[in-house]
Amino acid sequence: MKNANANLMKEINLNNVRQVMKRAGTATKPQLAALTKLSVVTVNSLVKELLDSNEIVEDQTIASGSGRPALTYRFNYDHSQALVIYLKENQGQRVASAAVINLENRTVSQQEYVLPVFEQHYLAEIISSFLIACPQVKVIGMGIPGQIVNGRIVVASHQELQGAALIEELEQQFQLPVMVENDVNAAVFGYQASRGEADGQCITGIYFPKKYPPGMGIYLNGNIIRGKNGMAGEIKFLPHRIDWYAERREEVLLGAASRIIQSVNAVLAPDLIVIYQEITAAEHWLHFWNGYQVREPMPHVPKVILSNTFQADYEAGMRRLTLQKLDPEAIQF
């Protein structure tokens with residue numbers, strides 16, 4: 001028991017030094033001791049371990065007043081890397097956009113692929129080529145237009161994804177952890193992270209693709225709200241009797257969006273709703289929405305923003321969510 005407690009304490013201290021080094025970029029041992037509130041003796045031991053694992057490297061020697069020059073250490077942001085793959089549709093083509101990023105969220109390598117279908121063997125070929133070129137990859141993140149339950153995709157915009165057991169099969173093949181996230185969940189997470197909205201806010205993102213059903217992501221207090229089996233936000237099942245796979249006129253989208261906002265507002269009362277769409281102009285939306293609020297009064301009117309940044313927010317969210325798998329919070333008692 002004593003050894004177990006000692007090992008746990010060592011891991012806590014090691015994680016604290018990692019987090020401080022990652023934030024600071026460079027630091028001396030005395031600086032690390034001051035920032036972590038650990039003794040210099042403890043820091044000496046932990047620094048040696050991080051040097052041995054190549055998580056930090058020796059940087060340069062700097063003058064320290066009248067004492068001996070101090071050696072600075074630099075955090076190695078390329079010690080661990082992440083492969084992030086975003087499945088999307090672009091002008092009718094199925095596209096897999098892939099990027100290897102380091103712990104600083106810097107792009108190391110990226111490529112875009114046009115696929116005949118979203119099938120696992122095509123994804124495996126992409127992953128394999130990146131892992132050969134970038135052996136520091138420690139985790140794989142994949143954004144999909146669908147939802148996974150018990151390891152299988154049970155709700156998907158693209159039929160070929162339905163029923164696929166992506167996580168288990170890819171983890172067995174590549175012996176790396178695989179994180180799969182819904183595209184709209186990732187987008188609303190990326191929206192908040194990119195714009196620095198207050199963590200205490202409730203933000204919902206609603207995405208209206210041109211020829212697929214809409215989806216919604218919910219962000220609150222730094223987390224995505226998933227619901228049972230991750231099914232929160234499956235708004236295509238609301239009883240609107242709309243053929244989401246048919247070509248939609250502007251009036252249909254305006255009416256559907258307004259009714260969905262009213263429903264979401266009644267249940268969640270979010271601070272902000274981001275509508276991702278490319279069908280109507282902002283002035284048309286504003287005119288319709290203002291008239292709708294007169295006909296359908298609501299006790300709380302959220303701020304509603306029309307946005308065409310879905311892909312950028314989707315990719316930003318996937319990068320951050322995948323990097324979280326490489327960056328555990330420091331353990332606390």
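Me: What makes residues of the lining of the largest pocket nonpolar, polar or charged, and how do they divide?

Reply: In this predicted model, the lining divides into 16 nonpolar, 15 polar and 9 charged residues. Asp, Glu, Lys and Arg count as charged, so Glu89 and Lys210, which are among the residues closest to the centre of the pocket, belong to the charged class.

Me: What is the volume of the largest pocket, and which element gives the most to its lining?

Reply: The volume is about 810 Å³. Elements that give two or more residues include strand 8 (146–149), helix 6 (183–195) and helix 9 (310–324). Strand 4 gives the most, with 4 residues.

Me: Why is the other space, lined by Leu253 and Trp285 among others, called a cavity?

Reply: The term applies because a 1.4 Å probe fits there but cannot get out, whereas a pocket is an open set of points. The structure holds 1 cavity of 30 Å³ or more, and about 30 Å³ of space lies in the largest cavity. Its lining consists of Leu253, Leu254, Ala257, Ile275, Gln277, Thr280, Trp285 and Leu306. By class these are 6 nonpolar and 2 polar residues, with no charged ones. Helix 7 (residues 250–268) supplies the largest share, 3 residues.

Me: Why is serine 258 called buried?

Reply: Serine 258 has 0% relative accessibility; the term requires a value under 20%, so serine 258 is buried. Its place is in helix 7.

Me: What makes the pairing of serine 258 with leucine 254 a polar contact?

Reply: A polar atom of the serine 258 side chain lies 2.9 Å from the backbone oxygen of leucine 254. The limit for a polar contact is 3.5 Å, so this distance falls within it.

Me: How do you know that the buried residues of helix 5 line one face?

Reply: Leu166, Leu170 and Phe174 are buried in helix 5 (residues 166–174). Seen down the helix axis, the buried residues fall within an arc of 25°, and therefore they line one face of helix 5.

Me: Why is asparagine 54 called partly exposed?

Reply: Its relative accessible area is 39%, which lies between the limits of 20% and 50%, so asparagine 54 is partly exposed. Asparagine 54 is in the loop between helix 3 (40–52) and strand 2 (56–62), and its phi is positive, near 65°.

Me: How do you know that strand 5 and strand 6 pair?

Reply: Pairing requires at least two bridges; 8 bridges join strand 5 (residues 93–102) to strand 6 (residues 107–115), so the two strands pair. They run antiparallel, and valine 95 stands opposite valine 114 in strand 6. The two strands form a hairpin with 4 residues between them, and asparagine 105 in the turn has a positive phi of about 65°.

How values were computed:
Residues are numbered from 1 along each chain as its sequence is written. This is a predicted model: local features need pLDDT of at least 70, side-chain atom pairs count only at pLDDT 80 or more; totals for chains, interfaces and linings use all residues. Side-chain values use heavy atoms; hydrogens and water are left out. Buried means under 20% relative accessible area, exposed over 50%, partly exposed in between (1.4 Å probe, protein chains only). The arc is that of the directions from the helix axis to the C-beta atoms. On a 1 Å grid over the protein atoms alone, a cavity is a set of points where a 1.4 Å probe fits but cannot get out, and a pocket is an open set with protein on both sides within 12 Å along at least five of seven lines; lining residues have an atom within 4 Å of a point. Grid points are joined across faces, edges and corners, and a volume is the space filled by probe spheres set on the points. A polar contact is a pair of N or O atoms within 3.5 Å; within protein, one must be able to donate a hydrogen and the other to accept it, and residues adjacent in sequence count only if both atoms are side-chain atoms.
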